[in-house]
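Hello,

Here is the structure we talked about. My notes on its aromatic contacts follow below.

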Amino acid sequence: SAWVMTPVLGASNYEMDFAWLGVWANGNDMGKGMEAWSGGGDGLAAEFDNVMTCPDHSNSASVNIRPPGKEWPGKTGVTVFSDCTVAEGKTMQDAMAATRAWAKHMGDTGSKAGIWTFFPGAGSSDPEYDYKMVSGYPDYMAYGADWESYTNGQGWAKAGQIFGGVTDCGSQRVYQTTTVRDGGVSA
């Protein structure tokens with residue numbers, strides 16, 4: 001599966017025209033996809049290089065914390081990324097337990113978001129975060145409903161109870177997401 005993501009809300013330190021997010025069901029499928037992209041298959045890399053310069057490539061391992069709703073991925077959607085750092089004295093297991101608790105809270109409030117964690121892999125060049133928390137929405141209305149729940153619905157207080165002293169996730173970056181290829185894999 002693959003998506004093109006165009007920045008909607010973000011900061012200048014993540015300046016880009018778009019991002020390409022491709023996912024595979026497993027490492028073997030990743031190897032096949034990368035072989036095709038590199039020119040060992042159908043020359044996808046050369047075609048891509050004809051239309052866009054893309055100096056940064058990296059991969060991540062993803063863990064689905066909360067499955068997305070049946071309407072995701074559609075032709076378009078909204079994806080939200082935050083860089084997260086585990087607090088000193090806490091473990092990644094503590095952070096994932098907090099993320100699962102947050103996912104349960106989201107479900108209890110009627111959220112349509114799918115939630116994943118992305119762990120840096122090859123090409124990540126010494127990131128200043130431990131993992132990314134990623135939320136996928138079918139549309140802006142679903143994203144807006146969660147924003148309303150977080151702000152006026154006191155979700156920020158619940159987030160403080162769950163994540164406080166365990167992990168710190170920075171400012172969210174919001175992307176308009178367009179499905180390029182739906183291979184039935186959702187990160």
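Why are Trp147 and Tyr150 separated by about one helical turn? They are three residues apart in helix α4, so about one turn lies between them. Helices here are DSSP runs (H or I, at least four residues), numbered from the N terminus.

Some ground rules. This is a predicted model: local features need pLDDT of at least 70, side-chain atom pairs pLDDT 80 or more, while totals for chains, interfaces and linings use all residues. Residues count from 1 along each chain as its sequence is written, and side-chain values use heavy atoms, without hydrogens or water.

Aromatic pairs

The whole structure holds seven aromatic pairs. Rings of Phe, Tyr and Trp (its six-membered ring) pair with centres within 6.5 Å; planes under 30 degrees apart are stacked, over 60 edge-to-face, the rest tilted.

Trp102 and Tyr150 are edge-to-face, because their planes stand at 80°, with centres 6.4 Å apart. This pair links distant parts of the chain: Trp102 sits in helix α3 (residues 92-108), Tyr150 in helix α4 (residues 140-151), 48 residues apart.

Trp147 and Tyr150 are stacked, at 6.0 Å centre to centre and 20° between planes. Trp102, Trp147, Tyr150 and Phe163 make up one aromatic cluster.

Exposure

Cut-offs are under 20% relative accessible area for buried, over 50% for exposed, partly exposed in between (1.4 Å probe, protein chains only). Trp102 is buried at 10%. Tyr150 is partly exposed at 31%. Trp147 is partly exposed at 45%.

Regards

Terms used. Helix = DSSP H or I, 4+ residues; strand = E, 2+ residues; numbered from the N terminus.
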